[in-house]
Amino acid sequence: MCRVIAIMNQKGGVGKTTTTVNLGHALALAGKKVTLLDMDPQGQVAISLGLKNDQGGLDRILLEGEKLDDYLIAARHNLDVVCAGNNLADFEHVALGGSSRGHTLRRAIEASTLLTGDFVLIDCPPSSGLLGINAMFAADELVIPVSGDYLSLQGLSRMMQILKRSESVLGHSIRLWIVSTRMQLRRRLTAEVRLKILKYFPGRVLNTVIRENVSLAECPSFGKSVFEYKEKSAGAEDYQSLAQDLLGGRTS
Ligand SMILES: Nc1ncnc2c1ncn2[C@@H]1O[C@H](COP(=O)(O)OP(=O)(O)OP(=O)(O)O)[C@@H](O)[C@H]1O
Ligand SMILES: [Mg+2]
């Protein structure tokens with residue numbers, strides 16, 4: 001069965017896009033069929049994989065009702081991408097459709113071939129508007145990257161409020177996973193943040209800690225995942241391990 005997972009946190013810069021791209025490629029390299037959906041108007045999933053974001057994508061699918069399958073790009077073996085497109089930000093201002101506006105992405109996915117694969121990973125914008133709600137309503141699972149700083153913990157508590165509200169609208173629960181990202185293991189604060197999330201979310205924090213790693217920061221500028229840019233880096237090791245956590249439900 002296909003797992004649809006939104007990579008979400010309202011807070012900016014916590015590693016959502018880095019996680020979408022590198023976790024996605026790790027799963028693809030492990031033999032899973034993966035599609036990445038770029039729900040962030042910044043269009044950075046495309047850039048990170050060396051693709052062009054200006055040929056249309058989720059903007060036309062959500063705003064004009066075009067078919068999702070028509071915008072699938074085969075980015076790598078086992079890894080397809082649907083780009084954001086230049087006009088995705090306009091979707092935040094859609095006024096028509098009432099409460100059904102939140103379900104546009106889910107309906108587009110259901111009408112596509114995506115669910116015949118193993119994973120759909122949705123990269124979300126750092127906001128809680130209509131794009132994020134669409135991602136949440138389309139997903140069965142949520143991965144929340146939390147970086148090793150204090151404000152990141154605050155982002156997490158806001159995310160929990162949005163999750164609770166969404167679950168009550170949807171009438172079913174969304175499985176939650178938290179992942180520690182950008183961890184500087186020698187900083188005391190990093191350890192404190194990790195301990196706090198383990199305490200408040202027992203059984204929901206994925207085992208692997210993603211370390212702050214220069215290869216992860218550099219690889220997008222070459223249009224490569226960390227596995228293509230530096231296979232023997234801490235970043236590649238961590239995201240490969242995170243993929244195994246997600247496949248096996250391994251939590252701390
Ligand atoms: N583990 C890491 N080690 C080093 N740099 C990282 C790591 N994770 C992310 N970065 C870098 O930090 C910056 C922010 O990461 P990223 O774009 O993935 O965050 P984001 O949550 O998607 O941001 P936004 O909210 O703007 O969409 C980027 O420059 C990225 O390359
Ligand atoms: Mg991002």
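The second largest pocket of this predicted model holds about 160 Å³ of space. Its lining is made up of Ile61, Leu62, Gly65, Glu66, Lys67, Leu68, Asp69, Thr104, Arg107, Ala108, Ala111 and Ser112. Two elements, α3 (58-64) and α4 (104-110), each give two or more residues to this lining. The largest share, 3 residues, comes from α4. Sorted by class, the lining of the second largest pocket has 5 nonpolar, 3 polar and 4 charged residues.

The largest pocket has a volume of about 520 Å³. It is lined by 27 residues, and those closest to its centre are Gly13, Gly15, Thr18, Arg182 and Leu216. The elements that supply two or more lining residues are α1, α2 (44-48), β7 (175-183), β8 and α8. Of these, α1 gives the most, with 5 residues. The lining of the largest pocket has 10 nonpolar, 11 polar and 6 charged residues.

Ligand 1 sits in this largest pocket. The elements that give two or more residues to the shell around ligand 1 are α1 (16-29), β8 (205-211) and α8 (214-218). Here α1 provides the largest share, 3 residues. In total 17 residues surround ligand 1, and the closest are Lys16, Thr17, Thr18, Arg211 and Asn213. The shell divides into 5 nonpolar, 7 polar and 5 charged residues.

| Residue | Part of the residue | Distance to an oxygen atom of ligand 1 |
|---|---|---|
| Lys16 | N or O atom in the side chain | 2.8 Å |
| Thr17 | backbone N or O atom | 2.8 Å |
| Asp40 | polar side-chain atom | 3.4 Å |

Taken alone, ligand 1 exposes 630 Å², and the protein buries 83% of that area.

The structure also holds 1 cavity of 30 Å³ or more. About 50 Å³ of space lies in the largest cavity. The residues that line the largest cavity are Met8, Gln10, Ser127, Ser128, Gly132, Ile133, Met136, Met159 and Ile162. Two or more of the lining residues come from each of α5 (130-138) and α6 (150-170). The element that gives the most to the lining of the largest cavity is α5, with 3 residues. By class, the lining of the largest cavity has 5 nonpolar and 4 polar residues, and no charged ones.

Technical notes: Residues are numbered from 1 along each chain as its sequence is written. Chains are lettered from A and ligands numbered from 1 in the order in which they are written. This is a predicted model: local features need pLDDT of at least 70, side-chain atom pairs count only at pLDDT 80 or more; totals for chains, interfaces and linings use all residues. Side-chain values use heavy atoms; hydrogens and water are left out. On a 1 Å grid over the protein atoms alone, a cavity is a set of points where a 1.4 Å probe fits but cannot get out, and a pocket is an open set with protein on both sides within 12 Å along at least five of seven lines; lining residues have an atom within 4 Å of a point. Grid points are joined across faces, edges and corners, and a volume is the space filled by probe spheres set on the points. Helices (H or I, at least four residues) and strands (E, at least two) are DSSP runs, numbered from the N terminus. Ala, Val, Leu, Ile, Met, Phe, Trp, Tyr, Cys and Pro count as nonpolar, Asp, Glu, Lys and Arg as charged, and the others, Gly among them, as polar. A residue is near a molecule or strand if one of its heavy atoms lies within 4 Å of it. A polar contact is a pair of N or O atoms within 3.5 Å; within protein, one must be able to donate a hydrogen and the other to accept it, and residues adjacent in sequence count only if both atoms are side-chain atoms. Accessible areas come from the Shrake-Rupley method with a 1.4 Å probe; for residues, only the protein chains shown count as cover. A molecule sits in a cavity or pocket if more than half of its atoms lie within 2 Å of its grid points.
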